[in-house]
Amino acid sequence: MSIQVSELDDDQGQALVRLARRTLTARLTGKDPGLDGGLQDELLSAPAMQRHSGTFVTLKIGGQLRGCIGSLVGHESIVEGVRHHAIQSAFHDPRFKPLGRAELEEVDIEISVLTESQPLSYTDADDLLAKLKPRIEGVTIRKGFAQATFLPQVWDQLPLPEVFLSHLCMKAGLSADAWRRGDLQVETYQVQSFEEHREAGR
């Protein structure tokens, strides 16, 4: 069965991005900047936004990762997932110190809405490489209690499948060549991503 990327339009995507920024602003300043009027509220309350889907919130400063946390499974609505993961990415990503108030204006926000993960059957390392879809699908690996995922956007930094898989294994706490042994559980998924529209000079 083929999987389809969630059909959110750009206005809905930007509403999610603004929601993430509003959430961070309220946490860091103690002041809720509020919604952008009735249209924003209408966009967030649309049925498509209340659907349960996996979501990730990615924060960057100057093009460098500043935090990224999300869920592969939709335990809550897209709107609630974005709120929750915005806070987690900014203040609870163990790879980074909590986001400071002075960094708020420098942060660029990206929202990813995920399709349901699908198991990827493969016979050996060569077959796994052949079945990957760079820049189209994200990849999750599991072995015992070890687990890690890379969103499809990570292919931009790691375009070679061998390197992509090696870094993914290391992220999971496995050896870089663990994927070559053919005993990993592998799942793939697609995303619809929305980057923040920032004003010139910001």
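1. Lys 143 counts as partly exposed because its relative accessibility is 32%, where partly exposed covers the range between buried, under 20% relative accessible area, and exposed, over 50%, computed with a 1.4 Å probe on protein chains only. The side chain of Lys 143 forms a salt bridge with that of Asp 183, at 3.1 Å from N to O, a salt bridge being a side-chain nitrogen of Lys or Arg within 4 Å of a carboxyl oxygen of Asp or Glu. This pair links distant parts of the chain, with Lys 143 in strand S5 and Asp 183 in the loop between H6 and strand S7 (185–189), 40 residues apart. Asp 183, at 40% relative accessibility, also counts as partly exposed.

2. Please keep in mind that this is a predicted model, in which local features need pLDDT of at least 70 and side-chain atom pairs count only at pLDDT 80 or more, whereas totals for chains, interfaces and linings use all residues. Residues are numbered from 1 along each chain as its sequence is written, and side-chain values use heavy atoms, with hydrogens and water left out.

3. As to the overall fold, the protein has 6 helices and 8 strands, which follow one another along the sequence as α-α-α-β-β-α-β-β-α-β-β-α-β-β; helices (H or I, at least four residues) and strands (E, at least two) are DSSP runs, numbered from the N terminus. The radius of gyration is 18 Å, close to the 17 Å that the globule rule gives for 202 residues, so the protein is as compact as a globular protein of that length; the radius is taken over C-alpha atoms, and the rule is 2.2 Å times the number of residues to the power 0.38. The C-alpha atoms fill a box of roughly 55 × 35 × 30 Å along the principal axes.

4. Buried residues account for 48% of the 202 residues. Of the contacts between residues at least 6 apart in sequence, 70% join residues at least 24 apart, a contact meaning heavy atoms within 4.5 Å.

5. The whole structure contains 10 salt bridges, among them one between the side chains of Arg 66 and Glu 103, at 3.0 Å from N to O. Arg 66 lies in strand S2 (residues 64–71) and Glu 103 in the loop between helix H4 (78–91) and strand S3 (107–114), so this pair ties together parts that are 37 residues apart in sequence. Arg 66 counts as buried, because its relative accessibility is 7%.

6. Another salt bridge joins the side chains of Asp 156 and Arg 135, at 3.6 Å from N to O. Asp 156 belongs to the loop between strand S6 (146–150) and helix H6 (161–171), and Arg 135 to the loop between helix H5 (125–131) and strand S5 (138–143), so the pair ties together parts that are 21 residues apart in sequence. Asp 156 counts as exposed, because its relative accessibility is 51%.

7. Which residues of H6 are buried? They are Pro 161, Phe 164, Leu 165, Ser 166, Leu 168 and Cys 169, and what covers them includes H5, S5 and S6. H6 is followed by Gly 173, whose phi is positive, near 85°.

8. The loop between S6 and H6 also holds Gln 153, which counts as buried because its relative accessibility is 17%. Leaving aside residues up to four places away in sequence, Gln 153 touches Glu 110, Ser 112, Val 191 and Ser 193.
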